[in-house]
Amino acid sequence: MMARPRPLAVMGNFSNPNTLLFAVRAVREAGYTDFDVYTPYPVHGLEQAMGLRRSKLPYISFAGGALGLTTALLLQWWTGAVDYPLNIGGKPFFAWEFSIPVDFELTVLFTAFATVFGFLALCRLPRWYSDYQHDAGFRAATDDTFVLSIHATDPQFELERAQELLRSLGAEDVRLVEA
Amino acid sequence: MQPTPATVATPPHVNGQELQREPLVLGNPTLHDVTEKIAGIAVSRPSWKYWLTLGITGTAAAWGLFCIGYTIATGIGVWGLNNPVAWGWDITNFVWWIGIGHAGTLISAILHLFRQRWRTAINRSAEAMTIFAVICAGLFPLIHLGRPWFAYWLFPYPNQMQMWINFRSPLVWDVFAVSTYLTVSILFWYLGLIPDLATLRNYVKRRIPKALYTFFSLGWVGSARHWQHYEIAYLILAAISTPLVLSVHSVVSFDFAVSILPGWHTTIFPPYFVAGAIFSGFAMVLTLVLIMRWVLNLENYITLKHIDNMNRILLATGMMVGYAYAMEFFIAMYSGNEYERYAFLNRAFGPYGWAYWAMVFCNVAVPQLFWSPRLRRNVVVTFIASILVNVGMWLERFVIITTSLHRDFLPSSWDYYAPTWVEVSIYIGTLGIFFTLFLLFAKYVPVIAIAETKAILPGAQPEHHVVAEAAASR
């Protein structure tokens, strides 16, 4: 026997970025916290309108860079001056001057890895399945549509009220998405 | 409280008409048109032109790989290297290919930081070009090792010989610089691709391509919460790639400048190599983009304005390179060092003088055409000039390497170097590998950054005064 469909979200589509931004502010002012907007490209000002906090990604990247620099310095000092000191042309076993190219490269390398993997972790990606992927209007968000979605997990979610709000804000094709 | 009305700057007017910026995308496409055009390439059947080109480049690649195999199996003796000239076409090609890659990073990173929005039309293909060029570049030092199966000795790893690599050597710096450059370029390119692969995932119908695009798009859905992290990630990668690209060719130039050979031991090398790298890279971007624009009918996306802008960069970097040529001669004269003077006089008037003057013609004279706005927007002139600049920059590396080596400190070792058919074949082979990879990329991966192009279409971004007025009237 099939389980009863469970409501997941109320979605409305927008095609104009001005209307979208206005609607997002109104949804937030109505007290919703668990909502999201799906867009084909980054829309300026959306994160402020949604009231999102600044991304923590720069801290992760910085930590990666610091780790890279430390690794490079320790590696060059320990291998060259401690474990295997070899006199080559009377040059010092370790000096910060000649270590700079490798210091720099490893700092950049570790920062890049920290940034990309930090980005994936903050976005909880990869996640190859989305609850909404059967909804054609939702899939259009990678093409030409802005989708404003109020999730059913929001504490004040009520089907009628959410649908009414989205309609009043100029959303097209306001619909309930079910699992 | 009354909301303050947003102030809007009045655009400049001429004869009562508002002055408009030249549009970055022609034909006024909608968001959906952009998806159709770029994603459509991935589902369309390639034309006979595509298969013919792929056949030619694939054959060249196969022949080059065969010659690499022949070199490895027989030994470096099959090349034309001789006693004073131990670096020939192989290192020339290495430096040339690495330089080609630099324009891709310049376009994707530096122009992003400077908010040059015209870069969106070409950044994806330029980044792909970077990766393929660095792959071709990396092959040469590898084969040059003679015993490439020991290439891992270049990396620091604990081993039974209880030895470590020598971090005081510029050749080790080179290993770190080039491998970091390749890795970061791939990460940057892939990050930019994720949203576009998601567009393709939702666009294609056939099962296997859909499964592949689904896998590589990592489940991207375009959530605003994700875009927020994405934009920061992109900015950070651009910010670290900018010094990275400047460092890579500087480190490559250290391979020469840290030695004591007259003609190599100069402090001008790092900036001179970087300027030359960007110069040659832009020439290669132009060559590729002009072909791509013609084959895939992308005239509305890669417009004459883009070509104009790239030609301006070609003109500027060409003059930097010309300045470096002149300055090298001046310093050689001013140093009072007779060996240094001899190296430069020999470079221009010695046995390789033909290469030197061909280089000056291609790199200094040809870009001067682009003072003319009409020629900057002429596709045929640009195409020919871009190929001449590629040739000129290859000759530059050849001239630097060979002229300093072939006149050794001991005149009894002096010799003349010419390549054998094997070296020429390997060079042609890397051109084949490069173009084959680029053709495959152009067919299966969005050649133009879809999301970025959509973001710069007129009306794509909210006008904050409109939103503010709507909020006020409620």
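Select domain 1 (7-52 + 130-178) and domain 2 (57-122) of chain A, whose bounds come from an automatic or database domain assignment. Their centres, taken over C-alpha atoms, are 45 Å apart. This is a predicted model, in which local features need pLDDT of at least 70 and side-chain atom pairs count only at pLDDT 80 or more, while totals for chains, interfaces and linings use all residues. Residues are numbered from 1 along each chain as its sequence is written, and chains are lettered from A in the order in which they are written.

Now show all of chain A as a cartoon. Six helices and four strands are present (DSSP runs, H or I of at least four residues for helices and E of at least two for strands). The radius of gyration, over C-alpha atoms, is 25 Å, well over the 16 Å that the globule rule (2.2 Å times the number of residues to the power 0.38) gives for 179 residues, so chain A is more spread out than a compact globule.

Next, select Leu148(A). Its contacts (C-beta atoms, placed from the backbone, within 7 Å) include Phe14(A), Val37(A) and Leu166(A), not counting residues up to four places away in sequence.

Then turn to the side of chain B that touches chain A. There, 56 residues of chain B are in contact with 56 residues of chain A. Helix 1 (31-43), helix 5 (170-203), helix 7 (224-257), helix 15 (450-455) and helix 16 (464-473) of chain B each supply at least two residues to this side. Helix 7 of chain B gives the most, with 16 residues.

Definitions and conventions:
Contact = placed C-beta atoms within 7 Å.
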